Amino acid sequence: YLTKLIELGEIARTVAEANAYLAAPAEVLAIAQRLDAKGHHHEALQVAAPGLDLSYPHDQEALARWLAPRAQAQGDTALALRAAKIAFYKSHQLDDYQVAERIAGATWNTVKGELLDDLQRSNAYTAVDIYLVEHMLVEAMQAVDKHGDYSPDLERVIEAVQGEHPDWCIRHCTRRAERIMNDGDAKHYQDAAEWLRRARTIYAQHDRLAEWRPYLAGLLEAHSRKYKLVPMLKALY
């Protein structure tokens, strides 16, 4: 019905009816996009903006992402920033965070604090992407720790923090390796060796090989009967 109104040129009526009756962000987005495609850019914002307040939980993220750059292009920075923040609150993704940063301009420090506070409450897996960009290394490590040893972000966080937080990195590397070795999981011994190699590299980076050698000797003693593993360990001296 609303699409037909647009085709008939009943634009003001389309806006009024859309604001009165549409209840789902996906519907709002569809009509706003149709208006925008027909050149009715201001009216598209008039339809899209109230959609940010709908209680229906699905697709608000897509509506907010669509709206933010278009509101900014029309000079409505307040609406653009509101949409960008909502998109981030729904997704907790780096791309949405960076859109909010571009739109916020001089107000970014305040907005950034709001977004990071929400991110910390969210427990989102995507938090590490943002923490690394912001060089929030402690927060990145805490995010990995929340999700356990098998966090998909462990390796890249180690890469980012090993210069400043070697003990955290070494602990994770050796723990991953020790779990494999203690379980006698022979098909993954090479993975264990790689984790240990990474730990050795960090020890060397910080001139701490004197700590590494007795640790490795202890591993060799503990796993001396694991004939597939022993040569891999000896190669790490």
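This is a predicted model: local features need pLDDT of at least 70, side-chain atom pairs count only at pLDDT 80 or more; totals for chains, interfaces and linings use all residues.

Student: Is Cys169 buried or exposed?

Tutor: Buried, because its relative accessibility is 0%. Buried means under 20% relative accessible area, exposed over 50%, and partly exposed in between, using a 1.4 Å probe and protein chains only. Cys173 is also at 0% and counts as buried.

Student: New topic. Where is His172?

Tutor: In helix 12, residues 166-182. Helices are DSSP runs of H or I with at least four residues, strands are runs of E with at least two, and numbering starts at the N terminus. His172 is buried, with a relative accessible area of 1%.

Student: Which residues does His172 touch?

Tutor: Leaving out residues up to four places away in sequence, Val144, Asp145, Asp149, Leu154 and Ile158. Contact means heavy atoms within 4.5 Å.

Student: Now rings. How many aromatic pairs are there in the whole structure?

Tutor: The search finds five. Rings of Phe, Tyr and Trp (its six-membered ring) pair if their centres lie within 6.5 Å; planes under 30 degrees apart are stacked, over 60 edge-to-face, and the rest tilted. Take Tyr97 and Trp108: the ring centres are 5.1 Å apart and the planes are at 80°, so this pair is edge-to-face. It links distant parts of the chain, with Tyr97 in helix 7 (residues 94-104) and Trp108 in helix 8 (residues 108-122), eleven residues apart. Both Tyr97 and Trp108 are buried.

Student: What about the rings of Trp212 and Tyr215?

Tutor: That pair is tilted, because the planes are at 50°, with centres 5.8 Å apart. Both residues lie in helix 14 (residues 209-222), three residues apart, about one turn of the helix.

Student: Which residues do ring pairs link into a cluster?

Tutor: Phe88, Tyr89, Tyr97 and Trp108.

Student: Last one. What sits over the ring of Trp195?

Tutor: The charged end of Arg198, 4.7 Å from the ring centre. The rule is NZ of Lys or CZ of Arg within 6 Å of the ring centre and within 35 degrees of the ring normal.

Definitions and conventions
Residues are numbered from 1 along each chain as its sequence is written. Side-chain values use heavy atoms; hydrogens and water are left out.
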